Amino acid sequence: MDFGSIFGNTASYLFSPTTIAYALAATGLAVHFGYTGLLNFGMAAFMAIGGYGYAISILTFGFPWWLGVLVGITGGALFALLLGIPTLRLRADYLAIATIAAAEVVRLMFVTELFKDWTNSAGGLSGYHQSFRDANPFPPGTYGFGPWTYNANDLWVRVFGLLTLALTILVVWALMRSPWGRVLKGIREDEDAVRSLGKNVFAYKMQALVVGGVIGALGGIVFVLPSAVIPGSYSTSLTFFLWTILLLGGAATVFGPTLGAVLFWVVFAFLGALLPAMATAGYLPMTSAQADVVRYILIGIVLMLIVVFRPQGILGNKREMTFVK
């Protein structure tokens, strides 16, 4: 087995756009669930709206990339409003059902033939990169070393994603230390008590849903920056990966989603390279394709173990997790 290739592929995920995008989306999910207690299983929809909004605004309307970003996050905010008005008064389990259904509706809308002129249906979207690349501040060339060697465009995507993630973490940190953030934590613990103090719980939940949705849409934009918008990427598995990342790092933490995203994708990439190689070499009694599926089984087992033995996550505080009381 080529361990150099296996470890190189694994290390490349430390700064990959996928890792950064999932860290952003998981941070938005932390605002929803970790700080407000909203059981949102529809974050895939926010990422899809961000990615499609960005790509469509550039391809169809000729917007510059920065305006495409604004369109994507505005779409995330509007979807949060449309989703929140009929659902935020639901109990947690019913809210989970409603949000996962809404995410599937959004995904199917993007692949339907009705909107093919804008979304290209199941074919997805590509060819929207030039405006973003024209803003690249790095001269042409090769940067980095080892598995972290990038051309100018790849480096620009990663730098933009990391700066966006850093700014998002700073904003969430500041919000959760503010009186607004303390009200959200109060709603998570006992919304009836917060309501008795004269606070409009529905309005605060809506605001949290919008803030988290905008962050999720940003994650969706970073997700599609290096390649293309692929509708198959926004299946329910994306949402469950985000929940695994959130619970791994710590739901009610600022840095937990980022740590969870890095650990998740490093381990996921390592298993994705190691297990098929072991099967090909005859160390596992299965084909390489079957071995690749095993990593999904292992990730599911890890998620169950986290919920049972460490529900607060690596950086979390158990006292802040309402579902472990």
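The model described here is a predicted one. Thr-19 has a relative accessibility of 2%, and therefore counts as buried. This threonine belongs to helix α2, which covers residues 17-35.

The side chain of Thr-19 takes part in a polar contact, at 2.9 Å, with the side chain of Ser-16. Once neighbours within four places in sequence are left aside, the residues in contact with Thr-19 are Tyr-13, Leu-14, Ala-261, Val-262 and Trp-265.

## The loop between α6 and α7

Asn-120 is found in the loop between α6 and α7, the latter helix covering residues 130-134. The phi angle of Asn-120 is positive, near 60 degrees, in a residue other than glycine. Because its relative accessibility is 34%, Asn-120 is classed as partly exposed. Ser-121 is also placed in the loop between α6 and α7. Although Ser-121 is not a glycine, its phi is positive at about 50 degrees. Is Ser-121 buried or exposed? With a relative accessibility of 6%, Ser-121 counts as buried.

Ala-122 likewise has its place in the loop between α6 and α7. Its relative accessible area is 59%, so Ala-122 is exposed. Not counting residues up to four places away in sequence, Ala-122 touches Val-111 and Pro-231. Between Ala-122 and Ala-289 there are 24 Å in space, C-alpha to C-alpha, and the two are 167 residues apart in sequence.

## The largest pocket

The volume of the largest pocket is about 380 Å³. Its lining is made up of 22 residues, and those closest to the pocket centre are Gly-37, Leu-90, Ala-92, Glu-191 and Lys-205. Which class of residue is present in this lining, and how many of each? The lining of the largest pocket holds 11 nonpolar, three polar and eight charged residues.

At least two lining residues of the largest pocket come from each of α5 (92-111), α9 (179-196) and α10 (201-224). Helix α9 supplies the largest share of this lining, with six residues.

## The second largest pocket

The second largest pocket has a volume of about 330 Å³. Its lining consists of Ile-49, Ile-56, Gly-75, Leu-78, Phe-79, Leu-82, Val-106, Met-109, Phe-110, Phe-115, Trp-118 and Thr-119. Two or more of the lining residues are given by each of α3 (43-59), α4 (65-87), α5 and α6 (116-119).

Which element gives the largest share of the lining of the second largest pocket? That share, four residues, comes from α4. By class, 10 residues of the lining of the second largest pocket are nonpolar and two are polar, while no charged residues are present.

## The cavity

The count of cavities of 30 Å³ or more comes to one. The largest cavity holds about 40 Å³ of space. Its lining is formed by Leu-38, Asn-40, Leu-83, Thr-87, Leu-88, Leu-95, Thr-99 and Leu-209. The elements that contribute two or more residues to the lining of the largest cavity are α4 and α5.

In terms of class, the lining of the largest cavity divides into five nonpolar and three polar residues, with no charged residues.

## The strand pair

Strand β1, residues 142-145, and strand β2, residues 148-151, run antiparallel and are joined by four bridges. Which residue of β2 is the bridge partner of Gly-144? The partner is Thr-149.

The two strands β1 and β2 form a hairpin, and two residues stand between them. Gly-146, which lies in the turn, has a positive phi of about 55 degrees.

Key. Residues numbered from 1 in each chain as written. Predicted model: local features only at pLDDT ≥ 70, side-chain atom pairs only at ≥ 80, totals over all residues. Heavy atoms only, no water. 1 Å grid on protein atoms, 1.4 Å probe; cavity = no way out; pocket = protein on both sides within 12 Å on 5 of 7 lines; lining within 4 Å. Points joined across faces, edges and corners; volume = space filled by probe spheres on them. Nonpolar A, V, L, I, M, F, W, Y, C, P; charged D, E, K, R; others polar. Pairing = 2+ DSSP bridges. Buried < 20%, exposed > 50% of the residue type's maximum accessible area, 1.4 Å probe, protein only. Polar contact = N/O pair within 3.5 Å; in protein donor to acceptor, adjacent residues only side chain to side chain. Contact = heavy atoms within 4.5 Å.
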